[in-house]
Amino acid sequence: KWFIIAEGEDIPPPIKSFKDMRFPQPVIDALSNNGIKRPTPIQVQGIPVALSGRDMIGIAFTGSGKTITFCLPMIMLALEEEK
């Protein structure tokens with residue numbers, strides 16, 4: 001179904017929904033309000049890697065969701081720091 005190549009040791013498993021990634025409901029609602037209902041392949045694999053604090057190189061087509069893949073973990077870090 002998806003063509004994802006992941007290399008390395010102890011790679012976090014892909015997560016196929018934003019809800020399962022445990023984002024706060026306001027974040028999920030904001031994504032949904034902007035037409036983003038489910039993660040793209042780069043997000044399915046990349047967000048769990050980024051959330052785990054691992055280094056990553058993500059290569060995907062323009063418009064595939066790479067920016068969100070890197071920004072959502074930064075938003076989560078900022079929300080944690082705000083507490």
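Are F18 and F23 buried or exposed? F18 is buried, and F23 is too. Buried means under 20% relative accessible area and exposed over 50%, with partly exposed in between (1.4 Å probe, protein chains only).

1. Basis. This is a predicted model, in which local features need pLDDT of at least 70 and side-chain atom pairs count only at pLDDT 80 or more, while totals for chains, interfaces and linings use all residues. Residues are numbered from 1 along each chain as its sequence is written, and side-chain values use heavy atoms, with hydrogens and water left out.

2. Aromatic pair. The count comes to one aromatic pair. F18 and F23 form this pair, and it is tilted: 6.4 Å centre to centre, 55 degrees between the planes. Rings of Phe, Tyr and Trp (its six-membered ring) pair if their centres lie within 6.5 Å; planes under 30 degrees apart count as stacked, over 60 as edge-to-face and the rest as tilted.

3. Core. Nine residues make up the largest nonpolar core: F18, M21, F23, V27, I28, L31, I47, L72 and M76. Helices α1 and α3 each supply at least two of its residues. The most comes from α1, with three residues. A nonpolar core is a set of buried Ala, Val, Leu, Ile, Met, Phe, Trp, Tyr and Cys residues joined through side-chain atoms within 4.5 Å. Helices are DSSP runs (H or I, at least four residues), as are strands (E, at least two), numbered from the N terminus.

4. Helix α3, geometry. At 1.5 Å a residue, the 17 residues of α3 (residues 66-82) should span 24 Å. The end C-alpha atoms of α3 are 25 Å apart, which agrees. The expected span is 1.5 Å times one less than the number of residues.

5. Helix α3, faces. T69, L72, P73 and M76 are the buried residues of α3. Seen down the axis of α3, they fall within an arc of 90 degrees, so they line one face of the helix. The arc is taken from the directions from the helix axis to the C-beta atoms. Exposed residues T67, M74, E81 and E82 sit on the face turned away from the buried side. Cover for the buried residues of α3 includes α1 (25-33) and α2. M76 touches F23, P24 and L51, not counting residues up to four places away in sequence. Contact means heavy atoms within 4.5 Å.

6. Q45. This residue lies in α2 (residues 41-51). Q45 counts as buried because its relative accessibility is 12%. A polar atom of the Q45 side chain lies 3.1 Å from the backbone oxygen of P12. Beyond four places in sequence, Q45 touches I4, A6, I11, P12 and P14.

Technical notes
Polar contact = N/O pair within 3.5 Å; in protein donor to acceptor, adjacent residues only side chain to side chain.
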